[in-house]
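User: I'd like to walk through a structure and learn how to read its features. Can we take them one by one?

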Amino acid sequence: MNAKERLVLVGNGMAGMRTLEELLAIAPDKFDITVFGAEPHGNYNRILLSPVLAGEKSIDQIMINDLNWYAEKGIRLYAGQEVTRINRARRQIHATDGTIAPYDRLLLATGSNPFILPIPGNDLPGVIGFRDIKDVETMLAAAQTGKHAVIIGGGLLGLEAANGLMKQGMQVTVVHVLDTLMERQLDPVAADMLRASLEERGLRFLMGANTAAVLGEERVRAVRFKDGLEIPADLVVMAVGIRPNIELAKQAGIYCERGVVVNDTMQSYDPRVYAVGECVQHRGQCYGLVAPLWEQAKVCANHLARYGIGRYQGSVTSTKLKVTGIDLFSAGDFNGGPGCEEIVLRDPARGVYKKLVVKENRVQGAVLYGDTVDGTWYFQLLREGTDIGAFRETVLFGHAHMADSGRDGFSVMTMTDDAEICGCNGVCKGAIVKAIAEKKLFTVDEVRAHTKASASCGSCTGLVEQILAATVGTFDKTPKEKALCQCTEHSHDQVRKTIREQRLTSLRAVFDFMEWKTPDGCHSCRPAINYYLISTWPDEAQDDQQSRFVNERVHANIQKDGTYSVVPRMWGGLTNPKELRAIADVADKFKIPTVKVTGGQRIDLLGVKKEDLPKVWADLNAAGMVSGHAYGKSLRTVKTCVGSDWCRFGTQDSTGLGVKLEKMTWGSWTPHKFKMAVSGCPRNCAEATIKDFGVVCVESGYEIHVGGNGGIKIRGTDLLCKCATEEEVKEYCCAFMQIYREEGRYLERTAPWIERVGLSYVKARIVEDEENRKALYARFLDSQKYAQIDPWAERASGRVDAHEFQPLRQVG
């Protein structure tokens, strides 16, 4: 048996320990691990030092990994032991107590140091930074005996320190060299609003002030400025910035610039030495926010585990935070530049300010003050480069047209603990807060995994993010390209691109070529990959039934009592006496308890036993009826009104067109369910303007609408174009379905897909590019040759999946 490799981590902070947690999750037995930490504690959440200072949390409450955790994981921890030297030639670490630890792989996570102004008196007792538990303890002790505190630095850290000391009873003055508070996160307007609000609460400010010296003999007593002004001080906190802690690396000859320079796998110029966190410089950038550090940790862990997948390509970051109870959000280049425009909403009475910086109808930056709920959406628009031209007039009003939750500037933390946050899964606010606190959750994905909140329709994501921001502190967004699942580092788009470019036609080929972490995938990635395969190579890829959810495997919707519902297709909502008699006979013959008309103009047979499904289908097939695919990520229905045949307001034959569209598109698999409707006039009785693809008939022809959605998260359609003939409508319909099939992500409805890529993009591909539209149309029709096979008929005959419908045999 081979001995374990030796991994030594220098730095017991959040970035390094996150790397170890990721590593233990995927390769728990690969390394013998030793950790050196300069502080005599376990790993704690530095973001929450401000609540500790303010008396809102205890040290124990901000611990992520206490000392017992290291012992349970078999990790050797040297707490309170600073590393003094790295001997790269012998691959050894030397600590202050004389400990020498050998390594095969070394991980540097030395973080950063507070920058102390090089002025007289900066070494007096009572002059400190604000970086660790010891600093907080010093400040709390000073608050017991002193009266005046001076905070040098008007950034986030300085304001948090000021707020905490004010709550401890001190008179606090914030000194800032610039005229704008938090200039890295706020523009001047938002900064002025913040300053006014903080002054109302009792903080004092000296703006544009240059500190000359700290005065005192045995201890600090005052601060002097270059203009001669002096103010009393029993405590001086310098919060003027941080510098990557690279002295140890530099002494060891590891190449550094502003930070330890690393490549995309987080390796330094010495391939045995990795680095993560605030001490790192990657592609010229240093990061101090949590989200980039988490991304670095995941990549580093995968590389240490020898998976050879995942690259850190830098981070697009946004910051959503709460400064002394005031919600703030910023992202991107919020100051703008040549060619940029500003879209601004300001409501002083409500204390709300929103600014988007836009260039060529694409968001470049955003600043939100007071109402930050739509920060999520604005950041998505920014990082995905969405063209906002189609909704520019209303963009500052947020996602209200989607009926999104978490709006109107209220704070979710004012809600009671039993208030329901996630209606889909019945998750209340208290359960989410408890999970975040007890399980040390930092991201929305982690909250979803542990509580299921926002895991279904996603409309409560804004509320979950508010809770996360209020509970954890600074909250940073997820990376631009989110991994498909935990089995891989690759995103949906990367997987689909690889399938296309490498002509992969099976799940096994994808798993092998893309070096999946798990041999057979999981419940999240298998259905997605299966869809990408059959939609990319309909004539070659084999539909893997075991990668489908139960409803799609048995071609019926399972109900809460274990029975199933059967919905035969009714073309355009039409039926006839023969079909109705067949449905009635089936209901009687198989003692089906409930027969119901659906909202999609069909009839639903509820309560069918699983073993009866093939026989029910056979009888319906005999009457000429096929599967309605009410269970599938596929075309569901084409809802119609009676149109010009019967209605005095009808302008076109909407029913006839709906039948043609449904017969052309039935059986097609799509990223999510796909619904259509055709209304015979602008009165819109078929509700075409909340469907994925809707047609509204007018005197001159047809209006084509796309991207609508009913249900929990309502979205009206966007007008794509106008057509003169039914043939044009059919071409646009198939082209739209095909581009959605080819580019939409699995489980992404057309509404969020269009918001992600932009209506102008869809128009450019379909309306403005006739050649591309016709090519999409042709590809769709070609794929239908392999899709329009009735699954009910196949299974009713016993030729396919007969085992699925055999009752379990009781033994004994």
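User: What should I know about the model before going on?

Analyst: This is a predicted model, where local features need pLDDT of at least 70, side-chain atom pairs count only at pLDDT 80 or more, and totals for chains, interfaces and linings use all residues. Residues are numbered from 1 along each chain as its sequence is written, and side-chain values use heavy atoms, with hydrogens and water left out.

User: Are Cys279 and Cys641 buried or exposed?

Analyst: The general idea is a cut-off on relative accessible area: buried means under 20%, exposed over 50%, and partly exposed in between (1.4 Å probe, protein chains only). Cys279 has a relative accessible area of 0%, so it is buried. Cys641 comes out at 17%, so it counts as buried too.

**Residues in their surroundings**

User: Where is Glu278 found?

Analyst: Helices (H or I, at least four residues) and strands (E, at least two) are DSSP runs, numbered from the N terminus. Glu278 is in the loop between strand 21 (273–275) and strand 22 (280–282). With a relative accessible area of 15%, Glu278 is buried.

User: Which side chain makes a polar contact with that of Glu278?

Analyst: First the rule: a polar contact is a pair of N or O atoms within 3.5 Å; within protein, one must be able to donate a hydrogen and the other to accept it, and residues adjacent in sequence count only if both atoms are side-chain atoms. Here the partner is Arg131, whose side chain is joined to that of Glu278 by a polar contact of 2.7 Å. For plain contacts (heavy atoms within 4.5 Å), set aside residues up to four places away in sequence, and Glu278 touches Gly111, Ser112, Arg131, Ile242, Pro244, Tyr287, Gly288 and Leu293.

User: What does Gln296 touch?

Analyst: Gln296 is in helix 8 (residues 290–304) and counts as buried because its relative accessibility is 0%. Not counting residues up to four places away in sequence, Gln296 touches Met266, Val276, Gly277, Val280, Tyr287 and Tyr312.

**Strands and sheets**

User: How do I read a sheet?

Analyst: Strands of a sheet pair through backbone hydrogen bonds, either parallel or antiparallel. The working rule is that two strands pair if DSSP finds at least two bridges between them. One case is an open sheet of three strands, with the order 6-7-8 and antiparallel pairing. Its edge strands, each pairing on one side only, are strand 6 (83–87) and strand 8 (100–102). Three bridges join strand 7 (residues 92–95) to strand 8, and His94 has Ile100 of strand 8 as its bridge partner.

User: Which strands does strand 37 join, and in which direction do they run?

Analyst: Strand 36 (residues 674–679) runs parallel to strand 37, with four bridges between them, while six bridges join strand 37 to strand 38 (residues 701–706), and this pair is antiparallel. Gly694 stands opposite Ala677 on one hand and opposite His705 in strand 38 on the other. Strand 37 and strand 38 also form a hairpin, with two residues between them.

User: What about the two faces of strand 37?

Analyst: In a regular strand the side chains alternate between the two faces of the sheet. Both faces of strand 37 are covered: Phe693, Val695 and Cys697 on one side, and Gly694, Val696 and Val698 on the other, are all buried.

**Packed helices**

User: How is the packing of helix 10 and helix 11 described?

Analyst: Two packed helices are described by the angle between their axes and the distance between the axes. Axes are lines fitted to C-alpha atoms, for helices over the stretch in contact, and angles run from 0 to 180 degrees between N-to-C directions. Helix 10 (residues 429–439) and helix 11 (residues 444–451) pack at about 110°, with axes 10 Å apart. Angles under 35 degrees count as roughly parallel, over 145 as roughly antiparallel, 65 to 115 as roughly perpendicular and the rest as oblique, so helix 10 and helix 11 are roughly perpendicular to each other. Ala431, Ile432, Ala435, Ile436 and Lys439 of helix 10 make the contact with Val447, His450 and Thr451 of helix 11.
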